[in-house]
Amino acid sequence: MIELNDDILNKYIDGELDNGLVQQVKIQLGASPANMKKYKALLSVHNELRKLPVEEVSSNFTANLMLKVQRSLKSKKEQNFFIVSVLTLFSLICLGIIGFLTANYIFTAEPSSQGLLAQFTERSNSLVTLIKNLFSKGNISIIGSIFSFVLLISGYFFYESVKHSKQH
Amino acid sequence: MKGLSDQEIIDSVKKGNHSDYAILIDKYKNKALSMLTKMLKNKMEAEEVLQDSFLKAFKGLNNFKGESKFSTWFYKIVYNSALSRLSTQKRKTESEMTSIDEHFDLESDNNYNIAEQEDLSLFINEMVKKLPPNYASVISMFYLEGMSCEEISKVLETTENNVKVILHRSRSAFKDIMIKNNYIKEVYD
């Protein structure tokens, strides 16, 4: 004999009991009106829950949502464009600096009769010295200020573009 | 397009046919709204959260690899969005589904006159609205969406057994109220 509690009855309704237990439950339900009443109550709850009404969204829900989806795509494109633009600008500035240094070095270098490797090493050392000079104590604050300024301006426009895309 | 599976629709959206996402919206909007309304107890808020959930799902669609069903993945977003809305509002809620020891007393909380309620369906519907959010979500996913306990456990990030306990406790609570109010007699006698 098993005790017909709610747990067993719920499992019986959900078909989670093995054949042996199912038979025992059936016998006990037939023998006890109180258990049968409990089972019928649970079964009716189960059946009524299956008929729960489904809520309906407002009439233009899908259309409005698709509009938001399109806007989010547009704003994503705008953000990507902005990031690419800023990165391009930075790359161009860096390229400009490197180009300037290289040109400066090439036009000021004296002709040499040394071997190719020695010439290359010497020129590399000179280039490094030039860059070191550029980022020396006197110039670092100027370069830092320029980069900070560009970063601040970019940050401001980025913030504005994100704000704009969220509003629309 | 209507005969397509969720995965086929998602593939199409990923390929750039963004308008196909509307098919997924139409498929899930009402049932997800039902779950959210039962969790948040407010239809307008539920619709807002549903919109956010669909947007989040759209933005994260590239991360959906099809390892689980789209419905499981989507309902996870919906459920978590509802929980964060509830926590924002500082409503009393059970945010961790690992805890199933939440006690609820449908009767003491009940200002709804059960004895006067003649329609059993309406009575059950009213009772479901009074369930705590996690219980309401399990009932909605199981009965409205037809999800299995295993799928629901993935959505709620808990064990299958916990889901079954929640389901059985809810049914038993309804049953007790029905017996107490002699509802069963009317239905079966």
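1. Chain B of this predicted model has a mean pLDDT of 83, and 79% of its residues reach 70 or more. For the complex, the predictor reports an ipTM of 0.81 and a pTM of 0.71.

2. One stretch of chain B calls for a separate remark. Over residues 93–100 of chain B, pLDDT stays under 50. The model still has 19 contacts beyond four places in sequence for residues 93–100 of chain B. Where pLDDT is low, predicted coordinates should not be read in detail.

3. Next, the domains of chain B.

4. Which residues have the most contacts inside the largest nonpolar core? They are Leu36(B), Val78(B), Ala82(B), Val138(B), Ile139(B), Met141(B) and Ile152(B), in a core of 59 residues. H2(B) provides the largest share of this core, 10 residues. In soluble globular proteins, nonpolar side chains tend to be buried together.

5. Leaving aside residues up to four places away in sequence, Ala82(B) touches Leu36(B), Met39(B), Leu40(B), Val49(B) and Pro133(B). Of these partners, Leu36(B) is itself among the core residues with the most contacts.

6. Chain A is built from six helices and zero strands. Read from the N terminus, the elements of chain A run α-α-α-α-α-α. Chain A is more spread out than a compact globule, because its radius of gyration is 39 Å, well over the 15 Å that the globule rule gives for 168 residues. The C-alpha trace of chain A spans about 115 × 45 × 30 Å along its principal axes.

7. The domain assignment of chain A gives domain 1 (6–50) and domain 2 (61–167). How many Å apart do the C-alpha centres of domain 1 of chain A and domain 2 of chain A lie? The two centres are 73 Å apart. Of the 168 residues of chain A, 8% count as buried. Among the contacts in chain A with a separation of 6 or more, 56% come from residues 24 or more positions apart.

8. Last, the contact between the chains. Chain B brings 37 residues to this contact and chain A brings 29 residues. On the side of chain B that touches chain A, the elements that each supply at least two residues are H2, helix H3 (43–59), helix H5 (120–129), helix H6 (133–144), helix H8 (160–180) and helix H9 (183–188) of chain B. H2(B) gives the largest share of that side, 10 residues. The side of chain B that touches chain A divides into 19 nonpolar, 10 polar and eight charged residues.

Conventions. Residues are numbered from 1 along each chain as its sequence is written. Chains are lettered from A and ligands numbered from 1 in the order in which they are written. This is a predicted model: local features need pLDDT of at least 70, side-chain atom pairs count only at pLDDT 80 or more; totals for chains, interfaces and linings use all residues. Domain bounds come from an automatic or database domain assignment. Helices (H or I, at least four residues) and strands (E, at least two) are DSSP runs, numbered from the N terminus. The radius of gyration is taken over C-alpha atoms; the globule rule is 2.2 Å times the number of residues to the power 0.38. A residue is buried if 20 or more other C-beta atoms lie within 10 Å of its own, exposed if 12 or fewer, and partly exposed in between; C-beta atoms are placed from the backbone. Two residues are in contact if their C-beta atoms, placed from the backbone, lie within 7 Å. A nonpolar core is a set of buried Ala, Val, Leu, Ile, Met, Phe, Trp, Tyr and Cys residues joined through C-beta atoms within 7 Å. Ala, Val, Leu, Ile, Met, Phe, Trp, Tyr, Cys and Pro count as nonpolar, Asp, Glu, Lys and Arg as charged, and the others, Gly among them, as polar. pLDDT is the predictor's confidence in each residue, from 0 to 100.
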